[in-house]
Amino acid sequence: MGKTLLIGHHGVSWRDWLKEHRGNRDLLCLDPAESYAGPPARFVLVRGNRPVYHRFYGSLDAQRAPHVMMASLAQALFVAEEDALIQLFPYRPFPLLRQIVALIAQLVQPSAILVAQGTALDLDGFPVGPEEVELGKSFPLLVMQAQRKAQWMKLMEQCQEHDVDLRQVTIEGARFGSGENLTREVEGVLYAERCGSTLLMVSDEELSDAQIARALDSSHTARAHLVSPEAYRNLLCSFGRPNGEDFGMGTVAEIDWESLRARVLCTAIPPAPVRILRLGSLRIDPHGNELGEAKPWQV
């Protein structure tokens with residue numbers, strides 16, 4: 001038996017189906033909003049009741065970073081057993097999600113595809129013909145939020161404080177850390193960075209049009225992107241090793257922009273050999289409350 005793709009929508013849940021049909025098969029969950037395998041905002045491969053692979057995603061939205069999802073799937077397929085079940089995110093009829101589902105099917109080459117009744121998905125063009133199945137209703141929104149909050153609180157209880165030198169790590173998942181530090185060349189900001197023709201400026205004050213024009217001129221850029229330092233507070237994050245493996249998850253407590261050091265609350269045991277700092281878009285306060293997601297590449 002080969003791998004099986006499970007495709008549903010927001011109105012249904014695979015939990016009861018999995019209890020009845022999963023057996024001893026591996027389960028790879030590509031739904032970042034799920035919380036039954038630990039903290040959400042991750043992709044997790046579960047063998048029995050034990051995660052054997054996980055990858056930080058930093059968001060509950062499957063459209064947020066499809067490149068991370070595809071990389072996670074490719075890595076997980078090296079670990080997953082041949083008959084693994086692969087549960088996808090709740091499908092919505094958006095062009096990007098349709099393309100992601102098609103690419104996943106092409107990469108996995110499943111022997112079976114199960115689609116929940118009522119899923120607004122064109123069933124043509126897959127490696128094998130999808131079979132429709134009837135699933136139970138998903139939990140109400142408030143219940144799912146409460147389940148996630150319980151996982152966030154459990155995560156926070158396991159976190160310890162870390163001091164991370166941002167000059168010594170590779171930053172992934174954010175606009176910040178992608179370019180050249182120009183803070184000394186730009187006046188009136190906490191931090192400035194040029195990446196291509198865009199100038200990222202972190203400032204706790206509004207900048208005038210004249211200040212922005214001078215900054216663009218001095219940095220030889222065409223577009224300015226302004227961010228408040230508060231936008232980085234409480235962002236989900238993860239520590240990574242040079243091979244890309246995650247080894248801790250938590251939140252950014254604060255960033256000292258003068259020294260470029262971050263105080264991070266993370267499940268890793270200090271002192272941690274951080275080589276990669278992955279920043280998410282979802283913000284979680286110390287009490288486990290979800291504070292919303294930053295817009296794509298806002299931070």
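Colleague: How many bridges pair strand β13 with strand β14, and is the pairing parallel or antiparallel?

Modeller: This is a predicted model, to start with. β13 (residues 191-195) and β14 (residues 198-202) are joined by five bridges, in the antiparallel sense.

Colleague: Which residue in β14 is the bridge partner of Y191?

Modeller: V202.

Colleague: What sheet do they sit in, and in what order do the strands come?

Modeller: An open sheet of four strands, ordered β12-β13-β14-β15. Pairing there is mixed. β12 (180-181) and β15 (223-227) are the edge strands, each pairing on one side only.

Colleague: Switching topic. What's the strand order in the sheet of seven?

Modeller: β5-β4-β3-β6-β1-β7-β8. That sheet is open too, with mixed pairing. Its edges are β5 (50-56) and β8 (131-133), and each pairs on one side only. On average, neighbouring strands are turned by 20 degrees against each other, direction ignored.

Colleague: How do β1 and β7 run, parallel or antiparallel?

Modeller: Parallel, with four bridges between β1 (residues 4-7) and β7 (residues 112-116). T4 stands opposite A112 in β7.

Colleague: And which strands does helix α2 touch?

Modeller: α2 (residues 66-79) packs on this sheet and touches β3 (27-30), β4 (42-47), β5 and β6 (85-88). The direction of α2 makes about 155 degrees with that of β5.

Colleague: Which strands does α3 lie across?

Modeller: α3 (residues 95-108) lies across β1, β3 and β6. Relative to β1, α3 runs at about 165 degrees.

Colleague: What angle do α2 and α3 make, and how far apart are their axes?

Modeller: They pack at about 15 degrees, with the axes 11 Å apart. α2 and α3 are therefore roughly parallel to each other. Their crossing is right-handed.

Colleague: Which residues meet there?

Modeller: From α2, you have P66, M69, M70, L73, A74 and L77. From α3, they meet L96, I100, L103, I104, L107 and V108. By class, that contact has twelve nonpolar residues, no polar ones and no charged ones.

Colleague: Zooming out. How many helices and strands does the protein have?

Modeller: Five helices and 20 strands.

Colleague: And what about the radius of gyration?

Modeller: The radius of gyration is 21 Å, close to the 19 Å from the globule rule for 299 residues, so the protein is as compact as a globular protein of that length. Along the principal axes, the C-alpha atoms fill a box of roughly 60 × 40 × 35 Å.

Conventions:
Residues are numbered from 1 along each chain as its sequence is written. This is a predicted model: local features need pLDDT of at least 70, side-chain atom pairs count only at pLDDT 80 or more; totals for chains, interfaces and linings use all residues. Side-chain values use heavy atoms; hydrogens and water are left out. Two strands pair if DSSP finds at least two bridges between them. Helices (H or I, at least four residues) and strands (E, at least two) are DSSP runs, numbered from the N terminus. Axes are lines fitted to C-alpha atoms, for helices over the stretch in contact, and angles run from 0 to 180 degrees between N-to-C directions. Contact means heavy atoms within 4.5 Å. Angles under 35 degrees count as roughly parallel, over 145 as roughly antiparallel, 65 to 115 as roughly perpendicular and the rest as oblique. A crossing is left-handed if the near helix is turned anticlockwise from the far one by less than a right angle, and right-handed if clockwise. Ala, Val, Leu, Ile, Met, Phe, Trp, Tyr, Cys and Pro count as nonpolar, Asp, Glu, Lys and Arg as charged, and the others, Gly among them, as polar. The radius of gyration is taken over C-alpha atoms; the globule rule is 2.2 Å times the number of residues to the power 0.38.
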